Amino acid sequence: EEKVFKPDDGYTYYCITTTGESASCTWRNDIIDNMRYAIGNCFKTREEADFEIERRIVVTELKRFAEEHNESLGWDDPTKRKWSICVNTFNGNFDFTSTVLLKYGEVYFSSKELAQQAVQEIGEELIKKYYLRVDD
C-alpha cells in the first residue's frame, strides 16, 4: 500500500466542501480532482475528512486567539522569545516552549501566559487531538 493516497480512476474518495462538510466524490482525474489532491483535500475515508475539518477549526481558533491577544512577536529581533504549545511525550502534560526559531505551521504567542490561556479557552483535549495530534 502506498504511503501517499491518490485515488485511481473511478475510486470514491472524500473532500471538504466550501461549506465545511465532508462529501464523497468519484475520481475522474479532471482539473477539480487534481486540484483537490494538490491542496491536500483528498481523503481515503469520510472519517479522515471529518478529522481534517475539526483540525482546521482548532488551528484557526488558535491563530485567531494569537492574533487578537499577542503583542508584537518581533521576528526582526532575534533576542525576543516566542512561545508555542507542546505536549511532553513522557507524561502527556502540556508544555510551553520559548524559541527564536520560526517553524512552518506553528502558532506563536508573545508570552507563555497567552499560550496557556489559549489552551484553557479552546480546550486541552481539542488541542491535543487536533492541533498536536496526540492520542490519549
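**Labels and their cut-offs**

Arginine 36 and aspartate 33 form a salt bridge, with their closest N and O atoms 3.9 Å apart. This is a predicted model: local features need pLDDT of at least 70, side-chain atom pairs count only at pLDDT 80 or more, and totals for chains, interfaces and linings use all residues. Residues are numbered from 1 along each chain as its sequence is written, and side-chain values use heavy atoms, leaving out hydrogens and water.

Q: Why is the pair arginine 36 and aspartate 33 called a salt bridge?
A: A salt bridge needs a side-chain nitrogen of Lys or Arg within 4 Å of a carboxyl oxygen of Asp or Glu. The closest N and O atoms here are 3.9 Å apart, so the pair counts. By this rule the count comes to 4 salt bridges.

Q: What separates arginine 36 and aspartate 33 in helix 1?
A: About one helical turn, because they are 3 residues apart in helix 1. Helices are DSSP runs of H or I, at least four residues, numbered from the N terminus.

Q: Why is aspartate 33 called buried?
A: Buried means under 20% relative accessible area, exposed over 50%, partly exposed in between (1.4 Å probe, protein chains only). Aspartate 33 has 3%, so it is buried. Arginine 36 has 23%, so it is partly exposed.

Q: What makes glutamate 52 and arginine 133 a salt bridge?
A: Their side chains meet at 3.8 Å, N to O. Glutamate 52 lies in helix 2 and arginine 133 in the segment after helix 4, so the pair ties together parts 81 residues apart in sequence. Glutamate 52 also forms a salt bridge with arginine 55, at 2.8 Å. Glu52, Arg55, Arg56 and Arg133 are linked in a network of salt bridges.

Q: Is glutamate 52 buried or exposed?
A: Buried, because its relative accessibility is 10%. Arginine 133, at 49%, counts as partly exposed.

Q: Which residues does tyrosine 37 touch, not counting those up to four places away in sequence?
A: Val4, Phe5, Lys6, Trp27 and Cys42. Contact means heavy atoms within 4.5 Å. Tyrosine 37 and lysine 6 are 31 residues apart in sequence, yet 7.2 Å apart in space, C-alpha to C-alpha.

Q: Why does tyrosine 37 count as partly exposed?
A: Because its relative accessibility is 29%. Tyrosine 37 is found in helix 1, residues 31-38.

Notes
Helices (H or I, at least four residues) and strands (E, at least two) are DSSP runs, numbered from the N terminus.
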